[in-house]
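This report describes the fold of a single protein chain and the surroundings of its ligand. Please keep the sequence and the structure in view while reading.

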Amino acid sequence: MTSTSSSKVVTLSISSSSLSNEKSESTAAGPSGDKLTYITGDLFTSPAGSILIHACNTQGSWSAGIALAFKKRFPAQLRAYQAHCKATPDDELIGTCLLLKMRDFEVNGNAKNSTDRGSWDIACLFTSRAYGRRKDAPGEIVMNTERAMRDLIRQNTEAKEMNACRFNSGKFAVPWRQTEEILQELDVPMTIYTPPTEVVTTGPSRAPYSTGPH
Ligand SMILES: Nc1ncnc2c1ncn2[C@@H]1O[C@H](COP(=O)(O)OP(=O)(O)OC[C@H]2O[C@H](OP(=O)(O)O)[C@H](O)[C@@H]2O)[C@@H](O)[C@H]1O
């Protein structure tokens, strides 16, 4: 069997085991994938005290997609993200992670009526320099994702639970599978949330979204 066909078998095995909620064995030939858990639901229902992960541009803009939800819920964290972007050159930001710790925002900053205040740390993965039509190419975003995830793992010294949306797969237009492969290679435990609306509206190749990773 060629190495190409071998890796294909591993991939298929990951897919089917995820759908049946069974753990797949880790093999030297490929990623285990068994540390990713898939949930249909809202990322903002993640357990308190955990980390919420999303992808960001380096321009200081949370203006669309799930970033807009972060902006509305966490105005103080938005300001910290903007200040960080302003103070750091793009080339230094890209491929890093800004980890905004809840304890730094408990006392002041967020809207007084926010019920989310202080519930989670927020990990901003800088996976693209720009956004919209000027966003980085998919291959670059994937490379930046690996570096930014390593930076997050390094900073997560308290081993907090990590939760993410299918980052990079919306506005950044990178097929989820490519980001998923990076997470599998890093062998990182993470829960991935998919909105129920996305399950309904996706095409045939994304149909298993309600229960599986592809
Ligand atoms: N509540 C929720 N719970 C769980 N999943 C949720 C959700 N709401 C949405 N999703 C899903 O979350 C995935 C990512 O989709 P997104 O398009 O958001 O993000 P992305 O990572 O591709 O791109 C980042 C750039 O998008 C923004 O826009 P701007 O640049 O500001 O214009 C940023 O600022 C960045 O720059 C998609 O699967 C959505 O279904």
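## The sheet and its surroundings

In this predicted model, six strands form an open sheet with mixed pairing, and their order is β1-β6-β5-β2-β4-β3. The edges of the sheet are taken by β1 (36-40) and β3 (97-100); each has a single partner strand, so one side of each is left without a neighbour in the sheet. From one strand to the next, the twist averages 30 degrees.

Within the sheet, strands β5 and β6 run parallel and are joined by three bridges. Asn163 stands opposite Thr191 in β6. Helix α3 lies across β3 and β4, and its direction makes an angle of about 150 degrees with β3.

The residue ranges of several elements are listed below.

| Element | Residues |
|---|---|
| Strand β4 | 121-128 |
| Strand β5 | 162-165 |
| Strand β6 | 190-194 |
| Helix α3 | 75-87 |

## The chain as a whole

The chain contains seven helices and six strands. Along the sequence, these elements follow the pattern α-β-β-α-α-α-β-β-α-β-α-β-α. The chain has 214 residues, of which 34% count as buried. Considering the contacts in the chain with a separation of 6 or more, 69% are between residues 24 or more positions apart.

## The nonpolar core

The largest nonpolar core has 43 residues. Which of its members touch the most other members? They are Ile53, Cys97, Ile122, Ala123, Cys124 and Leu125.

## The surroundings of the ligand

How many residues surround the ligand? The shell consists of 26 residues, and the closest are Gly65, Tyr131, Cys165, Gly170 and Lys171.

Helix α2 provides the largest share, with four residues.

Methods
Residues numbered from 1 in each chain as written. Predicted model: local features only at pLDDT ≥ 70, side-chain atom pairs only at ≥ 80, totals over all residues. Near = placed C-beta within 6 Å. Helix = DSSP H or I, 4+ residues; strand = E, 2+ residues; numbered from the N terminus. Core = buried A, V, L, I, M, F, W, Y, C linked by C-beta atoms within 7 Å. Buried ≥ 20, exposed ≤ 12 C-beta atoms within 10 Å, placed from the backbone. Pairing = 2+ DSSP bridges. Axes fitted to C-alpha atoms, helices over the stretch in contact; angles between N-to-C directions. Contact = placed C-beta atoms within 7 Å.
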